[in-house]
Amino acid sequence: MPQAEPLTVLGIETSCDETAAAVVRRSADGRGTILANVVRSQWAEHAAFGGVVPEIAARAHLECLDDLVSEALAQSGVALADLDAIAATAGPGLIGGLLVGMTFAKGLAIAAGKPLVAVNHLEGHALTAGLTDGLRPPYLMLLVSGGHTQTLAINAIADYRRIGTTIDDALGEAFDKTAKLLGLGSPGGPAVEHAARNGDPLAFALPRPMMGRAEPHFSFAGLKTAVRRAAEARTPLTDATVADICASFQAAVADCVIDRCRVALGDVRARGKGMRTLVAAGGVAANAHLRQRLLAFCGIEDLTFTAPPLALCTDNGAMIAWAAAERLAAGLADDGMAVAARARWPLDEASATVYGSGRLGGKA
Ligand code: KG4
Ligand code: ZN
């Protein structure tokens, strides 16, 4: 049954390289308040390997999750006994980390006698604008992170339709690989953005994969290869060349993303969905150049543009707590005790069937 009571939820996130815990309150009229939001990034642990190492990630989550949860509860001033539910990310993501988070949450839920909500990480990103901006569906969503690149029709809570997805690399992955081959630090996205500030976006003519195509999907593998070729042709790289490559890369990415949003918007408009808002979320939505371009696109298309504050674009526990609270309030939360951690978990189960289990399927 839909619940018109205030809800206070603890959210736990361990799907990739951020260990996070948060306490969020949802008022009876649907407004959200973050009471505590603690994130511990594992960048330092993975830096030497040039990418996230799943085994190291799982162990790092295990080492600090109990402290992080205690810290979040202490900061929020909410006692475990006063929570309405405990929520944890069950997927998609790296299975070791997901197992740590879900197992911890199950144990805590049993010990505290609280219901457990198993949350889809993508739903966390998709609903964050409700927490930060009070935005209610329907809206069009651009989800761009290290593992996911999708356009989605967010029709209602628990009613999502994926429109486009990547046929190869995720956009965050393309940023991370670009940073790595240019010798920039990690995480790659912020490093590329920082270097691009001093660069000329017209210096390198990089490709815009999928641009102009009617099908709604994304592709970044060709762009990544072109960046590698450009870098190899200019070795040894100067700071100025690195800046130019980064600026040219960001410009190409933004052109592709805007074009894909245009196709997704055409799709929802053709279905008669009166969507007035475009929401960008996921780690790459923290990119200032991309945000500017999306804002300009929305101006032309008569859409309102919304993007969560930077700290809530990247992975966090507040989005997990909030997604659980929204599901609980709508009477749509399953019993998390019966849910197993899963590396693949598409937001709309229907598109998993449409695309099968390949790159366009559950992982994407
Ligand atoms: O959502 P997120 O924190 O984790 C996943 O669910 O994947 O996204 C992380 C990704 C990384 O690839 C990171 O390089 C990218 O988001 N990212 C950025 C920026 N900040 C983070 N990409 C471009 N520009 C940024 N400012
Ligand atoms: Zn994420």
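Analyst: Gladly! Helices (H or I, at least four residues) and strands (E, at least two) are DSSP runs, numbered from the N terminus. This model is predicted: local features need pLDDT of at least 70, side-chain atom pairs count only at pLDDT 80 or more, and totals for chains, interfaces and linings use all residues. Residues are numbered from 1 along each chain as its sequence is written, chains are lettered from A and ligands numbered from 1 in the order in which they are written, and side-chain values use heavy atoms, leaving out hydrogens and water.

User: Which residue has a positive phi although it is not a glycine?

Analyst: Most residues other than glycine have a negative phi, and most peptide bonds are trans. Here, Ala-158 has a positive phi of about 70°. Look for Ala-158 in the loop between strand 7 (149-156) and strand 8 (159-165).

User: And where are the cis peptide bonds at Pro-92 and Pro-236?

Analyst: Gly-91 and Pro-92 are joined by a cis bond with omega near -15°, and Pro-92 sits in the loop between strand 4 (85-91) and helix 3 (95-112). Thr-235 is linked to Pro-236 by a cis bond too, with omega about -5°. Pro-236 belongs to the loop between helix 7 and helix 8.

User: How do helix 7 and helix 8 pack?

Analyst: Two packed helices are described by the angle between their axes and the distance between the axes. Axes are lines fitted to C-alpha atoms, for helices over the stretch in contact, and angles run from 0 to 180 degrees between N-to-C directions. Helix 7 (residues 221-233) meets helix 8 (residues 239-270) at about 165°, with axes 11 Å apart. They are therefore roughly antiparallel, a term for angles over 145 degrees. In contact (heavy atoms within 4.5 Å) are Leu-223, Val-227, Ala-230 and Ala-231 of helix 7 with Ile-245, Phe-249, Ala-252 and Val-253 of helix 8. These contact residues divide into 8 nonpolar, no polar and no charged. For such counts, Ala, Val, Leu, Ile, Met, Phe, Trp, Tyr, Cys and Pro are nonpolar, Asp, Glu, Lys and Arg are charged, and the others, Gly among them, are polar.

User: At what angle does helix 5 cross helix 8?

Analyst: The axes of helix 5 (residues 171-181) and helix 8 cross at roughly 170° and come within 12 Å. That makes this pair roughly antiparallel. Helix 5 contributes Leu-171, Ala-174, Phe-175 and Thr-178, while helix 8 contributes Phe-249, Gln-250, Val-253 and Val-257. This contact has 6 nonpolar, 2 polar and no charged residues.

User: What about helix 8 with helix 9?

Analyst: Helix 8 and helix 9 (residues 288-301) pack at about 35°, with axes 10 Å apart. Their contact includes Cys-261, Arg-262 and Leu-265 of helix 8 and Arg-293, Leu-294 and Phe-297 of helix 9. The contact residues comprise 9 nonpolar, 2 polar and 5 charged.

User: Finally, which residues lie nearest the centre of the second largest pocket?

Analyst: On a 1 Å grid over the protein atoms alone, a pocket is an open set of points with protein on both sides within 12 Å along at least five of seven lines, and lining residues have an atom within 4 Å of a point. The second largest pocket has 22 lining residues, with Ala-118, Glu-123, Arg-327, Asp-334 and Trp-345 nearest its centre. Strand 5 (116-120) and helix 11 (318-329) each give two or more residues to that lining, and strand 5 supplies the largest share, 4 residues. The lining divides into 13 nonpolar, 2 polar and 7 charged residues.

Conventions:
On a 1 Å grid over the protein atoms alone, a cavity is a set of points where a 1.4 Å probe fits but cannot get out, and a pocket is an open set with protein on both sides within 12 Å along at least five of seven lines; lining residues have an atom within 4 Å of a point. Angles under 35 degrees count as roughly parallel, over 145 as roughly antiparallel, 65 to 115 as roughly perpendicular and the rest as oblique.
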